[in-house]
Amino acid sequence: MADLKAIADNLIKGRADVNSTMPPEMKGQPGVKELVRAAVDEGVDVEKILNEGLIAGMDVVGVRFKNNEFYVPEVLIAARAMHAGMGVIQPLLAKAGVKPIGNIAIGTVKGDLHDIGKNLVVMMLKGAGFQVNDLGIDIPPERFVEAVEKEGAQLVGMSALLTTTMPSMKTVIEALEKAGIRNKVKMIIGGAPVTQSYADEIGADGYAPDASTGVDKAKELLSL
Ligand code: B1M
């Protein structure tokens with residue numbers, strides 16, 4: 001019988017598939033990919049697999065990360081396992097018309113090439129059921145504007161790791177104001193040198209110190 005809890009448990013352990021060797025005593029046992037496929041084959045509703053298997057597991061990862069029980073490597077391997085499961089159900093979700101809970105565009109601002117933290121935020125947001133348009137690194141203000149104007153982002157996320165690129169966040173907000181669409185979108189910012197007081201100073205709607213708080217903040221800003 002399909003075991004959604006096993007999907008969540010394997011995701012938390014970062015066991016993407018049968019070849020994953022962590023922890024060693026589980027070698028040869030099915031990982032997230034095989035368990036998700038088995039659940040699909042048994043006819044379990046894909047939304048149930050997503051919510052009670054993959055997202056449930058990622059929620060635990062988020063809490064452990066916030067509590068410093070998990071660090072970046074554990075989150076990255078859990079995210080890889082999430083991707084393995086998502087790869088199986090994504091086409092089915094599209095077919096079943098399962099709607100994402102919100103549409104977010106996120107990028108590292110112009111001049112800044114750091115993306116490890118931004119990628120964690122992206123993974124956590126996807127894990128929480130958001131549709132995420134990952135714009136990438138070194139993103140100019142016009143690209144953020146385009147993501148809102150043409151691609152329907154309800155929330156824009158910006159990441160900066162350099163004190164010298166933090167002002168680019170303000171430039172993006174000004175570009176949205178200039179385009180007359182600032183009031184159509186919520187803005188959230190993050191990155192090691194960024195603070196709540198900086199968010200207040202530049203007029204961002206929210207700040208998150210880490211990826212899982214980023215998910216909470218995104219839900220709060222979109223009233224989810
Ligand atoms: Co760079 N680098 N780096 N670097 N680098 C820092 C940031 C630095 C603090 C190192 C130092 O000097 N101690 C320093 C900045 C100093 C400053 O501005 N005050 C620095 C520098 C100076 C530079 C270069 C200028 C070095 C040089 O070339 N002379 C150069 C700049 C390149 C550029 O961007 N234009 C540079 C280059 C690089 C590498 C390419 C080598 C590499 C980046 C690889 C990559 O990202 N693909 C790199 C790295 C790895 C670092 C450190 C070591 C680690 C950053 C990291 O990934 N942390 C960093 C020192 C440090 O922080 N210890 C450093 C882990 C990551 C999970 O955390 O990104 O903070 P973080 O993300 C967190 C939160 O901040 C938050 O959630 C994440 C998960 O919890 N968060 C958000 C992040 N974005 C968010 C967005 C949100 C919400 C939350 O909403 C949208």
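Predicted model: local features only at pLDDT ≥ 70, side-chain atom pairs only at ≥ 80, totals over all residues.
A polar contact here is a pair of N or O atoms within 3.5 Å.

Start with Ser159. An N or O atom in the Ser159 side chain sits 2.7 Å from a nitrogen atom of the ligand. Ala192 places a backbone N or O atom 3.3 Å from an oxygen atom of the ligand. For Ala211, a polar backbone atom is 3.4 Å from a ligand oxygen. Helix 5 (116-127), strand 3 (155-159) and strand 4 (186-190) are the elements that each give two or more residues to the shell around the ligand. Helix 5 gives the largest share, 4 residues.

Now take the shell as a whole. It holds 27 residues, and those that come nearest are Leu113, His114, Asp115, Ser159 and Thr163. By class, 16 are nonpolar, 8 polar and 3 charged.

His114 belongs to the loop between strand 1 (103-109) and helix 5.

Step back to the whole chain. The domain assignment gives domain 1 (4-96) and domain 2 (103-221). Their C-alpha centres are 27 Å apart. At the interface, 12 residues of domain 1 are in contact with 13 of domain 2. The two domains bury about 1000 Å² between them, with 76% of it on carbon and sulfur atoms. On the domain 1 side, Met58, Phe65 and Lys66 supply 38% of the area buried against domain 2, more than any other three residues.

How values were computed. Residues numbered from 1 in each chain as written. Heavy atoms only, no water. Near = heavy atom within 4 Å. Polar contact = N/O pair within 3.5 Å; in protein donor to acceptor, adjacent residues only side chain to side chain. Nonpolar A, V, L, I, M, F, W, Y, C, P; charged D, E, K, R; others polar. Domains from an automatic or database assignment. Contact = heavy atoms within 4.5 Å. Buried area = accessible area lost by both parts, 1.4 Å probe.
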